[in-house]
Amino acid sequence: MFDKTYRQRLETDLAQWEADGVIAPAVAASIRNALPPLPAGINIAVVVAIVGGLLIAAAFLAFVAAHWTEIARLLRFVILLAGMVVAGGLGAWFASAGRTVLADLCASIGAIIFGAGIALVGQMYHLGEDFAGGMLLWSIGAFAGALLTGSRGALAVGLVAASIWTCLRTYDTPDALHLPFVAVWLIAAATAFAWNSRVAAHLVAIAMLPWWIATSLRFELDGAQPSFLLANGAALLFGAGLAIAASPSPRALRLGSVLSIYGAFALAGVAFLEVTTVDDIVSFRTGTVPAQPLWAILSGIAGAILSLASAGITRRAGEVLAACAIGLVLLAAPIWPASAAGEPWFAYAALLCAMLCLVVSGMLDEVRPRIVAGWLGIAGVIAGITWAVKGSLLGRSAFLAAAGIIAVGFATALNRMLPRAAR
């Protein structure tokens, strides 16, 4: 939850409790005094200043590009160094003045200029055409700038460069896993943990997706189904996020909650992909689905185990259902080839139950993004089942009707069992 939203809600609750006589005015005042001050937000002046700075930087780059061939090589190199020095100097000045947003922007611009410098120096001196290596060098420089300045923007630049690097390396060497990116990602995750920054946590969570996607598409060369490999990645991200959030550390709670949110959305997306790609709405293969790689299977199992371990620590029923959602999505992988001769009804049922478990899990734990992810997954799975190319449309309509009747009956029985106050 963002700090400003939380403060507004807390202030409303305190005023209501004080008016109702639940707490004394002195208690409400002490609670307000105990809260740390809110960080400075981005006002209109800052936004205009950011736009102005970007326009000046764009004008400078356009001017240099227009006269690039007329500028001597040494002067080009000096211009690049001067751009980084100016960006760093302005960032330091803004940081000393308490303008953290503008300081972060300057550090980000410096990281971008560093990447442009790598490309232009390589072009000027005709260095080896290792584009992936250049991306790695850019990522290292951006990460160094982020660690030195605490810039979230520089961290974002570093993660983007690292993602491009791992995608290129995966394409160049499809016969081997590109594990060095995992080490880079762990460093970024440790940085987000140390910063206790929600923005950094979002960046780290997003950065994990390109590696899994590139790795899953790599195995398409062997005839494997990418959606099943993505399911294991989503399971690991979801389960690991829940386990990290179960730690008593507030830093771990912030990082883990963000990772689990992205894992929930990834799990919903995978459920949709399993229906649309495996059932030949979008064809990714020509033969039967082979066994998934052992490392991928172990990753999915680890995600389910971690979510159960988190449920054991937190004693939350919602996390047990999250583990069930993970398990049911992973269960669809071995069910599908077993149903190759006919309709994969059990796989459809498993995916629908998984998404329902995801919705109920979010409701029990009061995690709205998880609820949204579950509903999106249900919508995607139903759409995929309805518009699948193979099989009889009448049979699919009968399956959906039977599933709906069972769900309504279960809801009716559950409503009668629950206490009236809990309905």
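1. V329 touches A231, L267, V270, E274, L351, A354 and M355, leaving aside residues up to four places away in sequence, where a contact means heavy atoms within 4.5 Å. The model is a predicted one, in which local features need pLDDT of at least 70 and side-chain atom pairs count only at pLDDT 80 or more, while totals for chains, interfaces and linings use all residues. Residues are numbered from 1 along each chain as its sequence is written, and side-chain values use heavy atoms, with hydrogens and water left out.

2. A nonpolar core is here a set of buried Ala, Val, Leu, Ile, Met, Phe, Trp, Tyr and Cys residues joined through side-chain atoms within 4.5 Å; buried means under 20% relative accessible area, exposed over 50%, and partly exposed in between (1.4 Å probe, protein chains only).

3. V381 lies in helix α15 (residues 368–386), helices being DSSP runs of H or I with at least four residues, numbered from the N terminus. V381 is buried, with a relative accessible area of 0%, and it touches A271, F272, V275, L351, L352 and M355, not counting residues up to four places away in sequence. V381 and M355 are 26 residues apart in sequence and 8.6 Å apart in space, C-alpha to C-alpha.

4. T170, in helix α7 (residues 152–172), is buried with a relative accessible area of 4%. With residues up to four places away in sequence not counted, T170 touches H178, A214, T215 and R218.

How values were computed:
Helix = DSSP H or I, 4+ residues; strand = E, 2+ residues; numbered from the N terminus.
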